[in-house]
Amino acid sequence: MNSFSLHRLRLFRILLMLVLLAAAAHAQVDVAGSTGADGTYATLKAAFDALNLNGTQAGNVITISITASTVESASASLNQPSVSSWTSLTIQPSGGAVRTVSGSVAGGALINGADNVTIDGLNSGGNALTIENTSTSATAGTSTIRFINDASNNTVQNCTIKGSGTGATTGTVYYSTGTTTGNDNNTVSGNIIAPSGSNLPLNGVYSAGTSVSVDNSGNTVSNNDIQDYYGAAAASNGILIASSSSAWTITGNKFFQTGTRTATAGNAHRAIQIVTALGVNYTVSNNTIGYADNAGTGVTTYDGAFANLFRGIELTVGTASASSVQGNTVSGISFSTTSGTTTLPGIFSGIVVLGGNVNIGTVTPNTVGSGTGTGAVSVTSTTSLGVIT
């Protein structure tokens, strides 16, 4: 073989290697087990679009592997109708490294779910998954993961979920409207629900269903770290169930602030707020509210010379059957306010029921403060006579 031919062969090999490397760099999402959509994709949205376009996936057991971090340019939405849907669809990281699915989506979600989907960050073998919407929009619906249009029987577990929606009707995890049944029987468990960067969301988890008959029901939020939700000039909530929901289980979560929160206006700040006058059968149990981390050290501190209010757990629920509040702890909190309100529930309340049928501490006592010693909760008001309950 002459030198010219050798040169051409070497050049061909180099070009082939570059093509393969470029393909590998863009093949960040692998789909297996589908009908017509198996393959590799540059983004999660592209993989979802392929599944949506390929009609029936009935009976399929589908796995989507995140093999490298992706940047999404728009919402990744699964739209499979239930009559032709998969038996299961699992999304998980692979390759023994931390993978991130991120993007900036205002007024919508980074990921919209369907039915029978599991997003599992695994947190084993070096695999971990962060899902992050970097938008700080106050537009309603801004979220990182959204259950919408009767999304049911889904699980999101072992992930880091980041978002910084700054509107009152936003949430990093958002249970939205339904069409026939509502968004039911979804589980969010074992996650870290935190801000995107230094911008804090107003709500960690937010639910607003369609109606009493099309409500978001049977959902479970368990064993999550829900942290750093706050508005200096607006009300904030770790979990806000705002309307048309029922029969949730909220258990084993830890609600805390990793830094001092300083107000610029007077508002109420809550870890768990349920406002569904006809919603019943809630279970709120074994949650820890306060401290500065999930290990129960340090203090959650609310500061600022404004008329702020604090509620650990606040419920307005229905009377048709009882809800239950058992074994929760509200401790490790320093709270300052200029309010001196004498109207119940006052300037600070560990657990308050504003309406409905609720059993509190009938099975396992709740703790506000500490059973031993003093100083577990510190409330300071510059105005006298303020009520603490």
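The following legends describe close-up views of a predicted model.

View 1. Apart from neighbours within four places in sequence, the residues in contact with Gln 257 include Asp 228, Tyr 230, Ala 292, Val 299, Thr 300 and Tyr 302. Tyr 291 is also in contact with Gln 257, and although these two residues are 34 residues apart along the chain, their C-alpha atoms are separated by 7.2 Å.

**View 2. Polar contacts of the Gln 257 side chain.** The side chain of Gln 257 reaches the backbone oxygen of Tyr 229 at 3.0 Å, and it also makes a polar contact of 2.8 Å with the side chain of Arg 261.

**View 3. Leu 44 in the largest nonpolar core.** This core holds 66 residues, of which Leu 44, Ile 64, Leu 89, Ile 119 and Ile 274 touch the most other members. Helix α2 (residues 44-53) supplies the largest share of the core, with five residues. When residues up to four places away in sequence are not counted, Leu 44 touches, among others, Val 29, Ile 64, Ile 66, Val 101 and Ile 111.

**View 4. Strand β11 and its pairing with β8 and β14.** Five of the five residues of β11 (residues 143-147) are buried, so this strand is largely enclosed by the rest of the structure. Strand β8 (residues 109-112) runs parallel to β11 and is joined to it by three bridges, with Ile 111 having Ile 145 as its bridge partner. Strand β14 (residues 173-175) likewise pairs with β11 in the parallel sense over three bridges, and here Arg 146 stands opposite Tyr 174.

How values were computed. Residues are numbered from 1 along each chain as its sequence is written. This is a predicted model: local features need pLDDT of at least 70, side-chain atom pairs count only at pLDDT 80 or more; totals for chains, interfaces and linings use all residues. Side-chain values use heavy atoms; hydrogens and water are left out. Contact means heavy atoms within 4.5 Å. A polar contact is a pair of N or O atoms within 3.5 Å; within protein, one must be able to donate a hydrogen and the other to accept it, and residues adjacent in sequence count only if both atoms are side-chain atoms. A nonpolar core is a set of buried Ala, Val, Leu, Ile, Met, Phe, Trp, Tyr and Cys residues joined through side-chain atoms within 4.5 Å. Buried means under 20% relative accessible area, exposed over 50%, partly exposed in between (1.4 Å probe, protein chains only). Helices (H or I, at least four residues) and strands (E, at least two) are DSSP runs, numbered from the N terminus. Two strands pair if DSSP finds at least two bridges between them.
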